[in-house]
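Please read the briefing below alongside the sequence and the model.

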There are 2 protein chains.
Amino acid sequence: MSDIFKALSDPTRRSIIGLLRKRDLTAGEIAEHFPQAKPTLSKHFSVLKEADLIQGTRVGTTITYTLNVSVLEEALCAVMTTFKINPKQ
Amino acid sequence: MSDIFKALSDPTRRSIIGLLRKRDLTAGEIAEHFPQAKPTLSKHFSVLKEADLIQGTRVGTTITYTLNVSVLEEALCAVMTTFKINPKQ
DNA sequence: CTCTTGTTTCGTCGTTTGGCTAATTAGCCT
DNA sequence: AGGCTAATTAGCCAAACGACGAAACAAGAG
């Protein structure tokens, strides 16, 4: 729970999620979208993996990341029920 | 946006929000629910205020905190639309 | 085996966070 | 004014975070 919010609290990581929402991407493809060094991005990946928001599968030399939409969905629903919020949409 | 997630990423602050969901409470009343020292809680209050999740109004010597439900609501809706998630509830 | 590409680990630096105690402000009451 | 209570601010510490460069580690290609 804390992990998910911590993961979402960084703009870079939210952008990564935004990219993965459209389609799966390799670590290298994601890195091209950001000015930060690759090791820095790699750390962001592990934070997102830690929160179970993304998944990485190695195919040969490249690792493709996939968004774990259901986790994000469930986390937000959990918050809404905890705080008794009715989503408007 | 980041402020809201950062605020929500701490369990103590989520608990504070949980308490305020039931009814408004003074800083002292909130502090009674937690083992931390009052200044520590006060810092949490300011983080929550920074994120505009709560509001404090002074009445005499006491400050009563109120949950800003709409901000929380809007923040979560913003995330859902950004990530194109359909809430189940 | 060696080279190249893609990715992660390591070590470091500066900043932020969460906690504390001590000091300060703000308001009320004699 | 002086004292009391409620709450915040100030200052400090240890741990965690975000960033980097350099080095190490796959996995395939030549």
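The surface near DNA strand C divides into six nonpolar, ten polar and six charged residues. Here Ala, Val, Leu, Ile, Met, Phe, Trp, Tyr, Cys and Pro count as nonpolar, Asp, Glu, Lys and Arg as charged, and the others, Gly among them, as polar. A residue is near a strand if one of its heavy atoms lies within 4 Å of it.

This is a predicted model, in which local features need pLDDT of at least 70 and side-chain atom pairs count only at pLDDT 80 or more, while totals for chains, interfaces and linings use all residues. Residues are numbered from 1 along each chain as its sequence is written, chains are lettered from A and ligands numbered from 1 in the order in which they are written, and side-chain values use heavy atoms, with hydrogens and water left out.

**DNA strand C**

- DNA strand C is surrounded by 22 residues, and the closest are A:Gly28, B:Ala37, B:Thr40, B:Lys43 and B:His44.
- Sugar or phosphate accounts for 71% of the atoms of DNA strand C within 4 Å of the protein, and bases account for the rest.
- B:His44 has a polar side-chain atom 2.5 Å from a phosphate oxygen of DNA strand C; a polar contact is a pair of N or O atoms within 3.5 Å, and within protein one must be able to donate a hydrogen and the other to accept it, with residues adjacent in sequence counting only if both atoms are side-chain atoms.

**DNA strand D**

- DNA strand D also has residues around it: 22 surround it, and the closest are A:Thr40, A:His44, B:Gly28, B:Ser42 and B:Tyr65.
- Of the atoms of DNA strand D within 4 Å of the protein, sugar or phosphate makes up 76% and bases the rest.
- A:His44 places a polar side-chain atom 2.5 Å from a phosphate oxygen of DNA strand D.
- An N or O atom in the side chain of A:Thr40 is 2.7 Å from a phosphate oxygen of DNA strand D, whereas one in the side chain of A:Lys43 is 3.4 Å from a base nitrogen.
- By class, the surface near DNA strand D has seven nonpolar, ten polar and five charged residues, and α4(A) gives the largest share, four residues.

**Sheets**

- In chain A, β2 (residues 54-59) and β3 pair in the antiparallel sense over six bridges; two strands pair if DSSP finds at least two bridges between them.
- A:Arg58 stands opposite A:Ile63 in β3(A).
- The hairpin of β2(A) and β3(A) has two residues between the strands, and A:Gly60 there takes a positive phi near 65°.
- In chain B, three strands form an open antiparallel sheet in the order β1-β3-β2.
- β1 (25-26) and β2 (54-59) of chain B each have a single partner strand, so one side of each is left without a neighbour in the sheet.

**Helix α2 of chain B**

- B:Ser15 lies in α2(B), which covers residues 11-22.
- B:Ser15 counts as partly exposed because its relative accessibility is 36%; buried means under 20% relative accessible area, exposed over 50%, and partly exposed in between (1.4 Å probe, protein chains only).
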